[in-house]
Amino acid sequence: MARRVVSLVRSGPQALRSTEAVLEANAYAVAEDVDLTVVLAGAGVELAIAAGEVRPGTLAGVPLPPAASGQDLRGLLESGVGVLVVDADLQAQGLRREDLVEGVEVVDGAAVADALRTAEAVLTW
């Protein structure tokens, strides 16, 4: 089994979900003792927004669950998972480092390329 895995997330937060499926799937790597690094690129950088929690609401009288990608990301960070955000994509979204969950590392394309090159397996979302 691959031990050094990079999970490349390019899709943004999914609407109407109480947990972020991509981040939840990465949590299994913690249980399997995998050296996981999550790379957030493209619209995926929005998953790292510290204020990403959305309160529950209703749509046409139907209760909607709260979205908490920031909370999911904090759980990964607390478990020792490295989380990288591509600086150029962060800027393209009009976001700043200060907007991100504490512990997320903002990196350039060379650092991402290095992480991908040294990984034994790469997952893409």
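In what follows, a residue is called buried at under 20% relative accessible area, exposed at over 50%, and partly exposed in between, with a 1.4 Å probe and protein chains only. This is a predicted model, in which local features need pLDDT of at least 70 and side-chain atom pairs count only at pLDDT 80 or more, while totals for chains, interfaces and linings use all residues. Residues are numbered from 1 along each chain as its sequence is written, and side-chain values use heavy atoms, with hydrogens and water left out.

**Exercise 1. Determine which residues of α2 are buried and which are exposed, and how the buried ones are placed around the axis.**

Step 1. Helices (H or I, at least four residues) and strands (E, at least two) are DSSP runs, numbered from the N terminus. On the exposed side of α2 one finds Q71 and E78, whereas S69, G70, L73, L76 and L77 are buried.

Step 2. Viewed down the axis of α2, the buried residues fall within an arc of 120°, so they line one face of the helix; the arc is that of the directions from the helix axis to the C-beta atoms. As background, an α-helix has 3.6 residues a turn, so residues three or four places apart point the same way.

Step 3. Just after α2, G80 takes a positive phi of about 95°.

**Exercise 2. Work out the strand order of the open sheet and the pairing of its strands.**

Step 1. Two strands pair if DSSP finds at least two bridges between them. The open sheet has 5 strands in the order β6-β5-β2-β1-β7, with parallel pairing.

Step 2. β6 (105-107) and β7 (121-124) stand at the edges with a single partner strand each, so one side of each is left without a neighbour in the sheet. Neighbouring strands are turned by 25° against each other on average, direction ignored, where axes are lines fitted to C-alpha atoms, for helices over the stretch in contact, and angles run from 0 to 180 degrees between N-to-C directions.

Step 3. Going through the pairs, β1 and β2 are joined in the parallel sense over 6 bridges, with L36 of β2 as the bridge partner of V5. Between β2 and β5 there are 4 bridges, and here L40 stands opposite V85 while V39 stands opposite L84. β1 is joined to β7 by 4 bridges, S7 being opposite L123.

Step 4. The parallel pair β5 and β6 is joined by 3 bridges, with V107 of β6 as the partner of V86. From β5 the chain crosses through helix α3 (residues 87-92) to β6 in a right-handed β-α-β crossover, meaning that, with the strands pointing away from the viewer, the path from the first strand over the helix to the second runs clockwise.
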